[in-house]
Amino acid sequence: MARLGSGNKILQAKLVLLGDMGTGKTSLALRFVKGQFFHNQESTIGAAFFTQILSLSEATVKFDIWDTAGQERYHSLAPMYYRGAAAAIVVYDMSSIDTFVRAKKWVQELQRHGSQKLVMGLVANKSDLEPKREVGTEEGEQYAQENGMFYIETSAKTAENINELFYEIAKRLAIAFPTKPAGMNLINELQDRRRKIFCCSA
């Protein structure tokens with residue numbers, strides 16, 4: 001789906017998915033990374049890890065995606081995954097008001113302990129369950145706006161807005177981090193040294 005761009009800056013971004021159990025966090029990640037959807041997706045234990053690359057005109061973004069478990073007993077592990085994250089996606093199930101209430105708690109926790117430059121998205125997942133909706137679009141949009149987040153409705157099942165979600169994160173990261181990460185100069189320097197060594201030992 002994505003390829004490395006030539007000549008533009010490269011951002012390696014840690015992205016964390018947070019939300020209640022059963023909201024579809026793993027399904028969102030799998031749909032984005034592998035284009036897959038499983039009706040009976042097993043609950044994540046602890047956390048799962050995925051990688052994906054998106055190439056924009058502004059930057060090439062290499063996502064390190066941490067999909068955290070939604071069960072309460074794993075809550076104490078969450079800071080280990082969102083600490084140092086450049087972006088966070090807080091997910092709720094639009095057909096469950098309880099998961100929306102829980103999403104708000106995750107947002108509050110990120111605001112207290114996350115990075116000042118953290119890019120945050122509020123995702124109302126399972127738009128395929130529209131007839132069972134319990135959380136209105138306006139309610140979600142308003143909460144997101146009040147908390148400096150962007151809002152989007154998705155469906156991992158139908159793939160609705162999945163790519164749009166991650167492209168929006170990537171665009172906002174490119175704006176939040178307008179220069180190359182400090183580590184890039186070191187990487188380029190090491191590559192130059194390797195070329196010189198190869199040249200002179202040939």
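## Polar and charged contacts in a predicted model

The side chains of Ser155 and Asp128 are joined by a polar contact of 2.7 Å, a term for a pair of N or O atoms within 3.5 Å, of which, within protein, one must be able to donate a hydrogen and the other to accept it, with residues adjacent in sequence counting only if both atoms are side-chain atoms. The model is predicted, so that local features need pLDDT of at least 70 and side-chain atom pairs count only at pLDDT 80 or more, while totals for chains, interfaces and linings use all residues. Residues are numbered from 1 along each chain as its sequence is written, and side-chain values use heavy atoms, with hydrogens and water left out.

Ser155 lies in the loop between strand E6 (150-153) and helix H5 (162-176), where helices (H or I, at least four residues) and strands (E, at least two) are DSSP runs numbered from the N terminus. With 0% relative accessibility, Ser155 counts as buried; buried means under 20% relative accessible area, exposed over 50%, and partly exposed in between (1.4 Å probe, protein chains only). Leaving aside residues up to four places away in sequence, Ser155 touches Asn125, Lys126, Ser127, Asp128, Glu160 and Ile162, contact being heavy atoms within 4.5 Å.

Lys126 also takes part in a salt bridge with Asp93, that is, a side-chain nitrogen of Lys or Arg within 4 Å of a carboxyl oxygen of Asp or Glu. By this rule the count comes to four salt bridges, among them the following.

| Pair | N to O distance |
|---|---|
| Asp93 and Lys126 | 3.6 Å |
| Arg133 and Glu153 | 3.0 Å |
| Arg172 and Glu168 | 2.7 Å |

Asp93, in strand E4 (residues 87-93), and Lys126, in the loop between strand E5 (119-125) and H4, are 33 residues apart, and the pair links distant parts of the chain. Asp93 is buried at 8% relative accessibility, whereas Lys126 is partly exposed at 23%. Arg172 and Glu168, four residues apart in helix H5, are separated by about one helical turn.

Helix H1 (residues 25-34) is largely enclosed by the rest of the structure, because eight of its 10 residues are buried; among them are Lys25 and Arg31. H1 is followed by Gly35, whose phi is positive, near 70°.
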